[in-house]
Amino acid sequence: MTGRGVARRDVLAGSVATALTGLAGCVAEGGMVGFESGSDGPTLAVLEDRSRDFALTGTPKYRTTMLAIEEINRDGGILGEEIDVFAPDPQSDNMRYQDLTRHAIYREDVDAMWAGYSSATREAIRPIVNDHEQLYFYTTQYEGGVCDKTVFPLGATARQQLGAVVPYMIDEYGDEIYTIAADYNFGQLSGDWVRIIAEEHGAEVVGEEYIPLDESQFGSTINNIQSADPDFVMSMLVGQDHSSFYEQRLASGLTDVPIGTSTNMAQEYEHLRIDPPALQDVYAGVNYMEELPTDRNEAFVERYDERWDDAEYINQEAQNNYFSVYLYKEAVERAGTFETDAVLEQLESGLEVEAPEGDIALDPATHHMEHNMRVAHADENHEITFTESETIGPAFLEEVGCDLTSEAEQTQYEPDAFYEVA
Amino acid sequence: MAGLGLLDFGFEFVEIFAFVVLATVGLAVIFGMMGIINLAHGEFILVGAYATTFSFAAGLPLPLAMLAGVVITAVFGVVLERLIIRHLYGRLLDSMVVTWGISLVMIQLVRIVFGNSAPGIGIPFGQLPIVDGPVYYLVLAVIAVGLLGGLYALFMWTDFGVRARATMQDEETARSMGIDTDRMYASTFAIGSALAGLTGALYAPVMPITPEYGTGFLVEAFVAVVVGGASVIVGTVLASGFLGTVNAAVTNVAGTFMGQVAMLIAAIVAIRLLPEGITGLLADLREKRGESE
Amino acid sequence: MSVDSSDGHLAQLRRPFEGPNTLGNSSAFWAGLAVAVALLAAMPVVFGYYAAEVGAVFLAYALLGMSLAFIWGYCGILSFGQVAFFGVAGYAFGIVAINVSTLTGATLGLLAAVAVSTAFAAVLGYFMFYGGVRDVYVTILTLVVALVLFTFMGQTAGGEWAIGDARLGGFNGMSGVPDLGIGVGSVGLEVGLVGHYYVTLGTVVATYLGLRALVNSQFGYAMVATREDETRTEMFGYDTTFIKFAVFTIGGAIAGLGGVLFTTQNNYIDPSVFGITAAALPVVWASVGGRTSLLGTVGAALAIQFVDYQLAISGSEWALVFIGSLLVFVVLVMPEGVAPRLHDHVAEYREPNDPEPAETPAATDYPGGDD
């Protein structure tokens, strides 16, 4: 081939690279244009999916957040300033989330961020959030264990949710458990937690199955459950393909085996999307569902329905987004400034908030909530009833010694490092 | 116990076989016969499912609602064919990009118009004794087999079938022999769309419906069509049988994840060993036998 | 700039990069290209870190798109799985660089990642082309390979899925991937935020020029001949199977390079790079930009990602409807892609007074599709 051409190319590439490296020296953070955010007032970023895979769960999150911000602005804003919102649609795409997070930080100079449904999204943007020490609220119920100085994972953790529902199920139905879970981080870690909690309560996991997220045919799984004949099933199925499980459960006559869950009903409202009685005797460990019969919650749901006329179900994380905006407001007002360090200090001072789920407190050490957990039961008409609520704190992170008030970490702990999860 | 295990396995096979056949059949006609890589295949299924669900919710009995799903998807297919697809014949790879665009548009339009979820239907017919599976799966399998038989008869034995195949093979010659090739293209595309609509209609009770509903069918469909090879109907049967067996067997032994991976790897190996698909192999064998006779 | 005075010298310098297999062989073209590169280089200076970070990601995509334009446009191999090499390289870099947490690690990581993606492409290419897999079967097979990786990587969450200190991380992805760097131990050059942009831009330019030289070489003629008529090319004594194998392997290497630049920019990679949405993107760029034009594909990758991104920022629910319609429209109106169409217009316009035919018919009349 053309040896001379190659040599020239190298020379050329080399000189181009040199020239470019030279340029690198004269780049300022804001560039020559020097972007400032559009207005001087505070800006909050709301990155929630309104299209593609996570639109079903992301849309209500977006809507409750907007509701909270609009309510606050109507009542005079925060510290007398009206709040601006940066609310693009990340389209359930982690790469898009990364770019939008950069946009939020550099171009909008946002004061705080609410972003993402899935844990993968959170992990995708956490390096950027960490680089810029950006205040970030992640409110989906999740596997737990994130211990990060500027991140506030305010949703209930797997341990909190399973800690509410697994002991209840063991009391009610017996001690043989069959676990079915989505085959990814959240599902696998939830499966570990079921085993740990079962052991603590003298119960036993007799079977365990992890199912790829895009599986929609459950014949084999249902078969395996039938032959294992457990006292109850623990389901950590996730996503739209997995919701087929319940229809197929009904048609296979599996409704006589009750199901405990930390994922279904309170996230993707399967009990409303699927015809009864497919979810008969499903018990969910939750901190919130739209059906919660308290005056405060009913008023909240009414405000939401008034604001959004084709309103979709308020899922758990939508409520979490709502109260966390108010939590942030409280912290800013106590700090008297929007400046991140001062707000962080206030957030770590033991704040309480009047959430639709009830009065709850933020644990300063772990940046997690002490949630009001209850067990929600769906009957044959998919009517929801709740047990008495109990306050469950972020016990796992306390056990591993996460104390963000004294040590600024940026880690995620996992149960198998601290428990025997054989 | 072993007998019961075998019965369970058989039932799982029926479930997966029906799923693969029904996911594939519409695509097999459009891709296999017309050379259009229809990446919007899943969204044709989506149209069928939505039409069925909303007809059912509006009070139609389920069989009629399903029929509505099929008809609406067929009409939708014809409109799309006349507007866009007809420019893409003979442009196999361009068709892929265009249909990808169509799929983006449709998913989002469905979301804007109907929201993020649709009412459920519920699986009809109750459950089978002994294996405790839904009777409906057997119905699906019977429909799948009947459909393949019907299509084979339609394309091989009827006047329409001969004309359609002639058009797909050599448009010029077909037209010079007096065949209205435009109509042949449109009607073949309509049949493919109707089949996709039927799949959506049949699975509307099994899988709760969202705008992303169709994406769940796409991979199985493409893999089966390619493994099947040039002769669409026979190919679909053989490929679905092959892939279904691998998936059901491995799932039975090693769980759902391994079943899925095994099916995909089996497909890769099959394409490598049989570059012309299963029916290519059959044609080769037939040729060889012809030579030796 | 004194283009005129050194024209003779420049023309000689240009020669290896020019030929019938590439669009744009005139002085005006090269001047335009230089301006475009200069503008891209000025982006971070004008718009700051933000442009550098987001721009670097888009340029890494452009590299991925170019790898596809090279194998599809010039050799007729449509791979729907270029993202497989892109992603595998990203993971490979992460595994090496996390385990060897010095500049040695970053250097080794870069080498290992490109080596792994090249080897992976070579194995897959050998498996396919020496097994007689062709045309649309290649397309589907490569897609299935990407999907297998997607399914597999998604479930690698547990602690047992670790290579040394590097956790594969399952669906949540691999975090903590270090920045790019060249050196041994702590001695060397760590590529920072702005530097990364320029390294990526430099890589894109170098790859573009390198591929231009390649497709205009003897080997390039053989590639194009293979694309146009494989049987005839074989009868002329070329080993077309080897040509396809080699081209596919080079494509894998380039995609891998893109993957490393992408992963080091984000310090993160997750299985969604193997998903069907990601897999479709390079095909879309190449189709819209014009797969027979490397530069067209680069331009399309940058433009489409930019428009798509702006639409997402707007938060409009019509964003996806718009981008989908745009694809349909472009492919229907400009079947061969934007760049070749643009080129035809320019050529027509200049026909009367430009004696140099900028393009031979062989490439412009390429009817589309390798079927």
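View 1. Strand 4 (residues 181-184) and strand 5 (residues 187-190) of chain C run antiparallel and are joined by four bridges. The model is predicted: local features need pLDDT of at least 70, side-chain atom pairs count only at pLDDT 80 or more, and totals for chains, interfaces and linings use all residues. Residues are numbered from 1 along each chain as its sequence is written, while chains are lettered from A and ligands numbered from 1 in the order in which they are written. Strands (E, at least two residues) and helices (H or I, at least four) are DSSP runs, numbered from the N terminus. Two strands pair if DSSP finds at least two bridges between them. Two residues separate strand 4 of chain C from strand 5 of chain C in the hairpin. In the turn, C:G185 has a positive phi of about 60°.

**View 2. C:G183 and its surroundings.** C:G183 sits in strand 4 of chain C. Its bridge partner in strand 5 of chain C is C:G188. Which residues are in contact with C:G183, leaving aside its neighbours within four places in sequence? They are C:L103, C:T107, C:G188 and C:L189. Contact requires C-beta atoms, placed from the backbone, that lie within 7 Å. C:T102 is 81 residues apart from C:G183 along the chain, and their C-alpha atoms are separated by 8.6 Å. C:G183 has 15 other C-beta atoms within 10 Å, so it is partly exposed. Burial follows the count of other C-beta atoms, placed from the backbone, within 10 Å of a residue's own: 20 or more is buried, 12 or fewer is exposed, and in between is partly exposed.

**View 3. Chain C against chain A.** 53 residues of chain A are in contact with 52 residues of chain C. Seen from chain C, the helices that each supply at least two residues to this side include helix 2 (27-47), helix 3 (49-75), helix 6 (135-154) and helix 7 (193-215). Helix 8 (218-228), helix 12 (294-314) and helix 13 (319-333) of chain C also each supply at least two. Helix 7 of chain C gives the largest share, ten residues. By class, the side of chain C that touches chain A has 29 nonpolar, 20 polar and three charged residues. Ala, Val, Leu, Ile, Met, Phe, Trp, Tyr, Cys and Pro count as nonpolar, Asp, Glu, Lys and Arg as charged, and the others, Gly among them, as polar.

**View 4. Backbone geometry in loops of chain A.** Most residues other than glycine have a negative phi, and most peptide bonds are trans. The peptide bond from A:P276 to A:P277 is cis, with omega near 0°. A:P277 lies in the loop between helix 9 (270-273) and strand 11 (282-286) of chain A. A:M265 is not a glycine, yet has a positive phi of about 75°. The loop that holds A:M265 runs between strand 10 (259-261) and helix 9 of chain A. A:M265 is buried, because 25 other C-beta atoms lie within 10 Å. A:D109 also has a positive phi, near 50°. A:D109 is placed in the loop between helix 3 (94-107) and strand 3 (112-115) of chain A. With 16 C-beta neighbours inside 10 Å, A:D109 counts as partly exposed.

**View 5. Chain A as the setting.** Chain A has 13 helices and 17 strands. Of its 422 residues, 60% count as buried.

Methods:
Contact = placed C-beta atoms within 7 Å.
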